[in-house]
Every structure is written in structure tokens, then in C-alpha cells.
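Dear colleague,

I am passing on the structure that you asked about, and my notes on it follow below. Please keep it open beside you while you read.

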Amino acid sequence: MDLSRQELPLYRELAERLRGELHRFAPGDYLPGELSLAARFAVNRHTLRRALDELVREGRLLRQKGKGTQVLAQPMIYPMQAGSAYTASLSAQGHGVEAVLLDRRVRPASDTEARHLQLDPGSPLLELDTLRLIDEQPVSLIRHRYCASREPLLADYRGGSLRSHLAARGLTLSRAYSLIGARLPDSEEAQRLLMPRHAPLLTVLTLSQDLAGRPVELSYSTSRADCFEYQVAP
């Protein structure tokens with residue numbers, strides 16, 4: 001008799017039960033010891049370890065030699081819909097979201113930027129750099145670009161949701177499209193986001209438009225890949 005075939009459903013069933021209980025632990029907490037867990041679920045240690053292996057492969061747990069099995073923080077899901085906004089979407093999930101203004105400048109638009117925003121090449125462009133913190137941890141850098149004629153609406157912006165800031169001044173934006181990519185961070189990004197240089201970033205180039213369909217904002221975000229999952233709705 002092939003015992004591995006009999007055991008296979010059991011360890012996967014156990015992995016599912018453990019997966020459903022991880023919300024009881026804070027990131028960084030350690031699970032009870034293997035002997036304790038095996039006794040609780042009435043399985044042998046081999047079955048328990050196979051179940052834990054499943055969750056380690058999924059990035060939910062980390063085995064620390066000499067310490068035990070540690071619960072890892074799970075990525076936040078960001079829904080990419082026409083009306084979704086960074087601050088509002090993540091605040092609705094119960095996270096504390098903060099946007100810090102790092103820099104602002106006016107410079108000539110590149111040919112690509114001008115094409116996206118329907119400007120003449122070299123037109124003056126207003127650029128704002130923001131750092132996004134979630135639950136007080138830096139997770140995203142976003143570069144926002146507008147035609148410089150929008151300066152009066154943004155002159156008093158000092159931080160917080162840019163979408164809300166513009167909406168309060170009569171300019172409501174929605175997402176026209178987004179392009180998602182991935183790459184490694186440069187040294188400044190790694191320093192800002194408190195991440196190693198070998199860990200990946202998720203990048204999103206987004207064009208946002210006003211209610212009349214006119215392009216208004218071209219943004220480029222770089223986010224820690226261990227913090228985000230993007231949910232694309234049809």
C-alpha cells in the first residue's frame with residue numbers, strides 16, 4: 001500500500017487549517033512548537049512538517065534555526081480599478097496610510113511624458129515626489145507629473161492623498177490605464193524603502209484622467225514586492 005498517497009490529503013488539509021489560523025498571529029510571532037502542534041491536530045511530526053512546508057513555500061512562514069517557525073507579514077491587496085485611489089483603498093482595509101511630500105519641481109516634459117499628457121514636447125511639467133507609509137512602514141515611492149498649469153491646485157499641497165486634495169478643489173480623477181512591471185531598486189530607493197538591493201520592486205505607470213476623459217496625471221510608483229499584490233478587475 002502506498003502510504004504517501006494516503007497521507008497526501010491529510011497534510012494538505014492540515015496546511016489549510018493552519019493557513020486559516022495565521023490571522024491570530026502578528027507578523028514576527030512564532031508558532032507553537034512542532035510537538036505541541038502535532039499533538040493538538042493528532043498527527044505525527046512528519047505530517048505536520050509537510051503541512052508547514054506548504055506554508056513556507058507560500059511565503060507565509062519562515063523557519064528560523066534554533067528558534068522555531070515565524071509568521072511573516074502578508075502582502076496587501078490593492079485593487080486596480082478606474083476609481084481606486086492608494087490612500088482610500090488601503091485605509092478601507094484598516095491600514096494607517098500616510099503620504100509624505102519629498103520634493104516638488106518644475107521641469108520640461110520628455111517626449112514620452114508629453115505624449116501621455118497630450119502636451120507639446122518640452123512643455124513645463126510639475127513633478128511631485130511622495131513617500132507612502134503603511135502602518136508607519138515605508139512601502140512606496142510615487143512620482144506624480146502634471147501639466148504646470150495645474151500648479152494653482154497643488155501649490156498648497158503638503159502631504160496626504162493627492163486624489164482627495166484635487167477632488168476637494170473640483171478636479172476628480174479616475175484611472176485610464178496602468179502598466180505593471182518589476183525591477184530591482186537603486187541605492188536611493190532601497191534606502192528610502194528600508195529594503196535590500198537584491199529584493200524586487202513592483203512598478204506601476206498610471207495615467208489618470210478627469211471626468212471629461214482628458215489626461216491630467218502621469219504617475220510612476222515603485223513599491224516593495226513583499227508588501228503588495230495588485231488585483232486587476234475587468
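**Salt bridges**

Aspartate 103 is partly exposed, with a relative accessible area of 34%, where buried means under 20%, exposed over 50% and partly exposed in between, using a 1.4 Å probe and protein chains only. Please note that this is a predicted model, in which local features need pLDDT of at least 70 and side-chain atom pairs count only at pLDDT 80 or more, whereas totals for chains, interfaces and linings use all residues. Residues are numbered from 1 along each chain as its sequence is written, and side-chain values use heavy atoms, with hydrogens and water left out.

Aspartate 103 forms a salt bridge with arginine 105, and their closest N and O atoms are 2.8 Å apart; the term stands for a side-chain nitrogen of Lys or Arg within 4 Å of a carboxyl oxygen of Asp or Glu. Arginine 105 is also partly exposed, at 25% relative accessibility. Glutamate 113 and arginine 145 meet through their side chains in a salt bridge of 2.9 Å, N to O. Because glutamate 113 lies in helix 5 (residues 111-117) and arginine 145 in strand 6 (residues 137-147), this pair ties together parts that are 32 residues apart in sequence; helices (H or I, at least four residues) and strands (E, at least two) are DSSP runs, numbered from the N terminus. Glutamate 113 is buried, at 7% relative accessible area, and arginine 145 is buried too, at 10%. Salt bridges that share partners join these four residues, together with Arg107, Glu127, Asp129 and Arg143, into one network.

Six strands form an open sheet in the order 4-5-6-9-8-7, with antiparallel pairing, where two strands pair if DSSP finds at least two bridges between them. Strand 4 (97-108) and strand 7 (174-183) are at the edges with a single partner strand each, so one side of each has no neighbour in the sheet. Strand 8 (residues 201-209) and strand 9 (residues 215-224) pair in the antiparallel sense over nine bridges.

**Helix 2**

In helix 2 (residues 34-41), the buried residues are Glu34, Leu37, Ala38 and Phe41. Seen down the axis of the helix, they fall within an arc of 100° (taken from the directions from the helix axis to the C-beta atoms), so they line one face. The face turned away from that buried side carries the exposed residues Leu35 and Ala39. After helix 2 comes alanine 42, whose phi is positive, near 55°.
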